[in-house]
Amino acid sequence: MSDPQYDAKLDASPNPADECRAQLAALIPEAFSEGKLDLVALKRALGESVVIEGGERYALTWAGKGNAYKVLQTPSSATLRPERDKSVNFDQAQHVFIEGENLEVLKVLQKAYFGKVKLIYIDPPYNTGSDSFIYPDRFQESKEDYLRRINDLADDGTLMREGFFRKNSKESGHYHSNWLSMMLPRLYIARNLLREDGVIFVSCDDNEVHNLRCLMNEVFGEENFVAQFVWKARQFTDARATTNVSTDHEYLLAYSRASDFSLRGIERDESKFANPDDDPRGAWMSRSMLGLATKDQRPNLHYEIIEPNTGRVFPPNPATGWRYSEEKMKEMIRQGRVLFPAKDDGRPREKKFRQEMQSEFIAFRSIIDGVHTADGTQEVRELFGAEVFSFPKPSGLIAQIAEQVLGDQDVFVDFFAGSASSFDAIARLNARNGVMRKSVLVQIPELVAPDSEAAKAGYTTIADIARDRIRRVIARTRESADLVSMEPKDIGFKSFLLAPSNFKQWRGDGIDTPEQLAEQMQMFAKSEKEGSSRFSGEGGLDLQEEIG
């Protein structure tokens, strides 16, 4: 006979704290005694000099940080309910959309996707003072009270959001703390999902970039910082009345799972190379030989270049000098690597051969330009015929990132999906080069404003908008398929809804007498809920196979 308490916990997600203890025990077994961590033994194993005993130190802390870790360490008993009627090509689809609170969803996904995700991109609330999001703001309440409060169930059995999806006002005494408490557990589980060669990109702006950088240092490790990209989001200036400064940029913070991570880089434009003079050294391109230093800074780069055949003299630019020293320049002239201009007022240029290039790729720049927020708005207009979502990220921005990281069959995750711009990006990339990148998107069913364009168009929640955009992108991809860009046979998506477990949950609170205990045990004579229908993906069991 099965134990009802055991059966009731079959669906629970992993506890990160338990996993950390297990890893530490495997690495330093002598630091544990009778199942408990022995700090003296741990310090002895690591060396006394590397342990901070107390006092002042550099650290990021905030009101509620301890509670945020408690929420992280509490397993989820939720499951994912498949919604075939809202899906497209469910059985063959390689893409997934999940409607639900993203922390609970991440906990459910963790068992199946631990260490399997190549790229995570998220666009969380920027904490501008008008954002709404989930956070444990009652800093004195117990973990049990918090979990009880957020796990109230709606009549249809889905997880309620009333009472914990709240606006974080700047007038709040814990304005930054609330945002950090929201982000910490989600980033922690995101790290667990990444492969060893995986990376996460997080969009943000000036409101929290300083705190986010410190938080990601704590979660991912400062040594795994990749870059702080600056994205020129605004196409046209719009100065603030108070400062007369137009803030045209946003940021993308990138952190890797391991410190040896590298982006792919931008492929060189091969069209710039040619061989019009049939040089036996192969194709070449012409490039400037101007330097970057004045004569005071680098006097050895300021000299006259003399063309051997004509005796023409080309003086240096006073502000820049030449790229190479005089000795190096003379050697290049002897080797036929310097191109002299037809006109006397021109400047000599370098003949750079393709075979001398170290790589077919050049570095991915830390400043991203050429795609703007307005492009995202236009994409939504074209798909929906109305602006059903405000300030969506342009798919071109996300596509640039995805192209740097993802290969065939790699998994992409976005758990702040919004209007599903990231699916649009992945679908465009897949259609362009025939590579199957898989995506998992998560969006909470946040209600749209009653007087919004989205409401007028018939949408109730942002999750509805995201799901419909995915459908429209799939339809567009099928319509545009031709002999060159063929429609993938498994294009489609599986839709899931975050829901309570089909197993009854053991509640130890409120049991004070033998009679109450007997009543609770009687309820678990059959541990599965009445009317429940279990599927293979529930609670992480065969979940990856079920959702792709």
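This is a predicted model: local features need pLDDT of at least 70, side-chain atom pairs count only at pLDDT 80 or more; totals for chains, interfaces and linings use all residues.
Biologist: Why are helices α4 and α7 called oblique to each other?

Modeller: The axes of α4 (residues 65-73) and α7 (residues 175-193) come within 9 Å and cross at roughly 40 degrees. Angles under 35 degrees would count as roughly parallel and those from 65 to 115 as roughly perpendicular, and the pair is therefore oblique.

Biologist: What makes up the contact of α4 with α7, by residue and by class?

Modeller: Lys65, Ala68, Tyr69 and Leu72 on the α4 side meet Ser181, Leu184, Pro185, Tyr188 and Ile189 on the α7 side. Sorted by class, that contact has seven nonpolar residues, one polar and one charged.

Biologist: Why is Ala466 called buried?

Modeller: The relative accessible area of Ala466 is 0%, and since buried means under 20%, Ala466 is therefore placed in that class. Ala466 belongs to helix α14 (residues 462-480) and, leaving aside residues up to four places away in sequence, touches Phe97, Gly418, Ser419 and Ala420. With Ser419, the separation is 47 residues in sequence but 4.4 Å in space, taken from C-alpha to C-alpha.

Biologist: What makes β3 and β18 the edge strands of the ten-stranded sheet?

Modeller: The sheet is open and mixed in its pairing, with the order β3-β21-β4-β20-β19-β5-β8-β10-β9-β18, and both β3 (78-82) and β18 (367-368) pair on one side only. For β3 the partner is β21 (residues 493-500), to which five bridges join it in an antiparallel run, with Arg81 opposite Leu497.

Biologist: Which helices pack on this sheet, and at what angles?

Modeller: Helix α5 (residues 102-113) touches β3, β4, β5, β19, β20 and β21, and its direction makes about 85 degrees with that of β3; as 65 to 115 degrees counts as roughly perpendicular, that is the term for this pair. Helix α11 (residues 395-405) touches β5, β8, β9, β10, β18 and β19, and its direction makes about 160 degrees with that of β5; an angle over 145 counts as roughly antiparallel, and that term applies here.

Biologist: How do you know that β12 and β16 are paired, and in which sense?

Modeller: Two strands pair if there are at least two bridges between them, and β12 and β16 (residues 349-353) have five, in the antiparallel sense. Trp284 stands opposite Phe353 in β16. Both strands belong to an open antiparallel sheet of three, ordered β12-β16-β15, whose edge strands are β12 (284-288) and β15 (338-339).

Technical notes:
Residues are numbered from 1 along each chain as its sequence is written. Side-chain values use heavy atoms; hydrogens and water are left out. Axes are lines fitted to C-alpha atoms, for helices over the stretch in contact, and angles run from 0 to 180 degrees between N-to-C directions. Helices (H or I, at least four residues) and strands (E, at least two) are DSSP runs, numbered from the N terminus. Contact means heavy atoms within 4.5 Å. Ala, Val, Leu, Ile, Met, Phe, Trp, Tyr, Cys and Pro count as nonpolar, Asp, Glu, Lys and Arg as charged, and the others, Gly among them, as polar. Buried means under 20% relative accessible area, exposed over 50%, partly exposed in between (1.4 Å probe, protein chains only).
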